[in-house]
Amino acid sequence: MLLAVTVQLAARIGRSHAPWERGVFGHGKTWEVILRIVMKKPRAAVGSRRRKQTSSGEEREKHALSSSQARPTTPDGQARRQEEVVLQASVSPYHQFRDTAEVTVFRESLLSWYDQKKRDLPWRRRAEGEVDLDRRAYAVWVSEVMLQQTQVATVIDYYTRWMQKWPTLQDLASASLEEVNQLWAGLGYYSRGRRLQEGARKVVEELRGHVPRTAETLQRLLPGVGRYTAGAIASIAFGQVTGVVDGNVVRVLCRVRGIGADPSNTFVSQQLWSLAQQLVDPARPGDFNQAAMELGAIVCTPQHPHCSQCPVQSLCRAHQRVSHLGKGQRGPRESPVHRDFLPYACQVERERLPASQSLPGSPDVEECAPNTGQCQLCAPPTEPWDQSLGVANFPRKASRKPPRAECSATCVLEQPGAPGGARILLVQRPNSGLLAGLWEFPSVTVDPSGRHQRKALLQELQNWAGPLPATHLHHLGQVVHTFSHIKLTYQVYGLALEGQAPVTVTAPGARWLTREEFHTAAVSTAMKKVFRVYEGQQSGTCKSSKRSQVSTPSSRKKPSPGQQVLDRFFRPHIPTDAPRLNSAAQ
């Protein structure tokens, strides 16, 4: 009997509120062994008593997970449901929603806000107005792929032009990769466009033109479609009750449930997906997922969140913690010296929420666990709370490796006197790797020290265009462009073939284009920056851009007015009739 009571108590309060921390039991080690067994096998430990419970608990769980669409019969879907059950059993209640009433309030508040505040975006209009399910799925698919790692403002124009050119899957499947790269140029992460076309061809050629209807089959059958994209398409286009987790949703969930651990950690990521699945509205899954992303995009922003405008502020652990610290109150385990250095939610303290923020019947706010490092969803003790950041302490910033530095020498080779007007040489990159299939100026990877780069670059140019005069190869400056994992410095050269017979024969994989053709070709943003350096040298100006650093040998910063005064003051006085040292040169 005592063991049964102990097991039930352990399962209820969990690891985070262990009785030996509160002096409930004297035999701490015995209790710890029992608790480990319970938390490792939560269902087996409870035994037959759990199986004798009424079906009301099962019904609540089914309601939280929504309709049968959210419970696919595929092995992947079954594994995920089992994973969610285990996760919920092993996580402190502090990081979960207490009951279905809280979940319902969250859903209704978020959807009501979304109906009033959602942005008018072209992919939303197209999806809402499209009756054909495959066309609707295609419209959502294109937008979700473009929005990966790219801001909405940038995507709008690309999406509009894409859908005008290829309004259906069949249109995209019949396009060439060159056309796809050409339209995608400047959007970045170029493999996305290639994978999108590969997926369209698979749907048309192998799936009879029908997009898979569930998140599981979308992810399994279509190239480049991961868990998030699959869930977004399935919920928005087909109404499948499945949650999604992108960067915006991660931020919202981490703040709402006080999750301070690294979101990239496998366990934390699994818990976030479990929360998203628990919250998704069964009647409006697509709208709910878009609402969660919209909240993170325009209200729950990374640096300066607008908490006063948040529809779920009353359920937000991060906001509760900021409000608590703002009152200057301390829990029993805090001292004035160490209050601000405790993990985000690892104190044991209780306080009553203000009436305006509390739900009817909601219990006192209770922090997660003592500062023992046991909770896998709280920030580690080594991560201090920055009071100046407030809720922006969540989520924890993942440590990223700095991009590796590489150096390349590239040359704009131009024939000013070519028939039909001046032309420049472009060569095509390999079909795999960075910027696969795009066009660029002839380039070679060189040592950052600059040794032998002119010789290597001239050899590369001659491989494409035949013998060239080495004396005409001029260094113009450099461009620094950062890709996702590479910081690439381009040493920019220029060579104009003036007074020579036009080059009419080109090797496979090379082409001569006019300047107008260059600007519409499938070239990367980095190459456009390189060309601006070349044009700037010809016109005597050199433009820069936000994401690149451009410098030229002749560029010198003009001294400030104060510096000019100092220069004149310290400049030695030279009589007007004194001989000038450089007179011979004038």
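Colleague: Quick one first. Is Phe288 buried or exposed?
Modeller: Buried. Its relative accessible area is 4%. Keep in mind that this is a predicted model.

Colleague: And how many aromatic pairs are there in the whole structure?
Modeller: The search finds 10. One of them joins Phe106 and Phe288, with ring centres 6.3 Å apart.

Colleague: Why is that pair called tilted?
Modeller: The planes of Phe106 and Phe288 meet at 50°. Stacked needs under 30 degrees and edge-to-face over 60, so 50° counts as tilted.

Colleague: What about Phe106, buried or exposed?
Modeller: Phe106 is buried, at 2% relative accessibility.

Colleague: Switching to tryptophans. What geometry do Trp162 and Trp166 have?
Modeller: Edge-to-face. The centres are 4.7 Å apart and the planes are at 75°. Trp162 is buried at 0% relative accessible area, and Trp166 is buried at 4%.

Colleague: Which rings are linked into a cluster?
Modeller: Phe441, Phe518, Phe531 and Tyr534, through ring pairs.

Colleague: Now charges. Which ring does Arg161 sit over?
Modeller: Tyr158. The charged end of Arg161 is 4.8 Å from that ring's centre.

Colleague: And Arg257, which face does that lie over?
Modeller: The face of Phe97, at 4.2 Å from the ring centre.

Definitions and conventions: Residues are numbered from 1 along each chain as its sequence is written. This is a predicted model: local features need pLDDT of at least 70, side-chain atom pairs count only at pLDDT 80 or more; totals for chains, interfaces and linings use all residues. Side-chain values use heavy atoms; hydrogens and water are left out. Rings of Phe, Tyr and Trp (its six-membered ring) pair if their centres lie within 6.5 Å; planes under 30 degrees apart count as stacked, over 60 as edge-to-face and the rest as tilted. Buried means under 20% relative accessible area, exposed over 50%, partly exposed in between (1.4 Å probe, protein chains only). A charge sits over a ring if NZ of Lys or CZ of Arg is within 6 Å of the ring centre and within 35 degrees of the ring normal.
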